[in-house]
Amino acid sequence: VYFSELPDGNIGVLISITSNCGITPCSLCYLKIGQNGNIVNQILYNVFISFLNADKLPSGDFIIAGIGIDPFSLEMSINVTKLYQNGWAGFSKSYSCFSDTCQPFSVKATNDGGYIVAGYLYTLNSPSYGSFILKLNSNGDVGWSKKFYKENSTSILLDIENDVNGGFIAIGFTSSYRPYSGEALWVLKIS
């Protein structure tokens, strides 16, 4: 569940219903709740996506990141959807996972009007976890992407933010398995 106050004083609520997403569509519900507590608008999307993170844009719209699942191949993808405050979708796009499994933990608007997504990736039968960053333009098209992966280690990005110089700062944790080194804070600065 994600909620935020909208510019008109109403509340926008996003709810993800994720039971059995690999076989049947998941549901993404958008509710606009008025100042008196009544539902002003409700839209239900039946899609192959489990939404994991959302951010309210300065316009009052939402950017949503989640896991997409192709209904035919059952391959996982990163899904990013722009949802206007009236509940209608501006765009909904899927991007390669870079590996067998991926999960976006953070999505934010960027200073240039685009979006940035960060999360983890995992390859089946491997002891290692890596991370990815996707930089998208305002239409959801990929500007650039980066993958961070090292054998026998875990490096997971949990959040990403704009920095004051037009770049990004990402934070997460890292550890090594051979020998096990414990977990350490991991901070990336990307220009």
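## Overall make-up

A strand, labelled E, is a DSSP run of at least two residues, and strands are numbered from the N terminus. The model shown is predicted. The protein has 15 strands and zero helices. Of its 191 residues, 49% are buried.

The protein exposes about 9,600 Å². Carbon and sulfur atoms supply 54% of that area. Take the contacts between residues at least 6 apart in sequence: 39% of these join residues at least 24 apart.

## A nonpolar patch on E14 and E15

Strand E14 spans 168-177 and strand E15 spans 180-190. Each supplies at least two residues of a nonpolar patch. The patch lies on the surface and consists of Ile169, Ile171, Leu185 and Val187. Together these four have about 360 Å² of accessible area.

Isoleucine 169 sits in E14. Its relative accessibility is 37%, so isoleucine 169 counts as partly exposed. Valine 187 belongs to E15. Valine 187 is also partly exposed, because its relative accessible area is 48%. Beyond four places in sequence, valine 187 is in contact with Ile169, Ala170 and Ile171. From valine 187 to isoleucine 171 the C-alpha to C-alpha distance is 4.5 Å, across 16 residues of sequence.

## Salt bridges

Side chains of opposite charge can pair when their charged atoms come close. The whole structure holds six salt bridges. One of them pairs aspartate 8 with lysine 32, with the closest N and O atoms 2.9 Å apart. Aspartate 8 is in the loop between strand E1 (2-5) and strand E2 (11-17), while lysine 32 is in strand E3 (residues 26-33), so the pair ties together parts 24 residues apart in sequence. Aspartate 8 is partly exposed at 35% relative accessibility. Lysine 32 has 13%, which falls under the 20% cut-off, so lysine 32 counts as buried.

Glutamate 161 and lysine 108 form another salt bridge, at 3.0 Å from N to O. This pair links distant parts of the chain: glutamate 161 is in strand E13 and lysine 108 in strand E9 (residues 101-109), 53 residues apart. Glutamate 161 is partly exposed at 39%. Lysine 108 is buried at 14%. Lys108, Asp159 and Glu161 are linked in a network of salt bridges. Aspartate 112 meets lysine 135 in a salt bridge at 3.2 Å, N to O. Aspartate 112 lies in the loop between E9 and strand E10 (115-122), and lysine 135 in strand E11 (residues 129-136), so the pair ties together parts 23 residues apart in sequence. Aspartate 112 is exposed, because its relative accessible area is 58%. Lysine 135 is buried at 8%.

## The disulfide

A disulfide is a covalent bond between the sulfur atoms of two cysteines. The count for this structure is one disulfide. The bond joins cysteine 97 to cysteine 102, with an S to S distance of 1.9 Å. Cysteine 97 is buried at 2% relative accessibility. Cysteine 102 is buried at 1%.

## Polar contacts within the strands

Asparagine 53 lies in strand E5 (residues 49-56). Its side chain reaches the backbone oxygen of phenylalanine 105 at 2.8 Å. Valine 107 is 54 residues from asparagine 53 in sequence, and their C-alpha atoms are 6.5 Å apart.

Serine 155 is in strand E13 (residues 153-162). Serine 155 is buried, because its relative accessibility is 11%. Its side chain makes a polar contact of 3.1 Å with the side chain of threonine 174. Apart from residues up to four places away in sequence, those that serine 155 touches include Tyr129, Phe173 and Trp186. Threonine 81 has 7% relative accessibility, so threonine 81 counts as buried.

Methods
Residues numbered from 1 in each chain as written. Predicted model: local features only at pLDDT ≥ 70, side-chain atom pairs only at ≥ 80, totals over all residues. Heavy atoms only, no water. Buried < 20%, exposed > 50% of the residue type's maximum accessible area, 1.4 Å probe, protein only. Patch = residues over 30% accessible without salt bridge, like charges linked within 9 Å, V, L, I, M, F, W, Y side chains within 5 Å. Areas by Shrake-Rupley, 256 points an atom, 1.4 Å probe, with all protein chains shown as cover. Salt bridge = Lys/Arg side-chain N within 4 Å of Asp/Glu carboxyl O. Helix = DSSP H or I, 4+ residues; strand = E, 2+ residues; numbered from the N terminus. Disulfide = S-S within 2.5 Å. Contact = heavy atoms within 4.5 Å. Polar contact = N/O pair within 3.5 Å; in protein donor to acceptor, adjacent residues only side chain to side chain.
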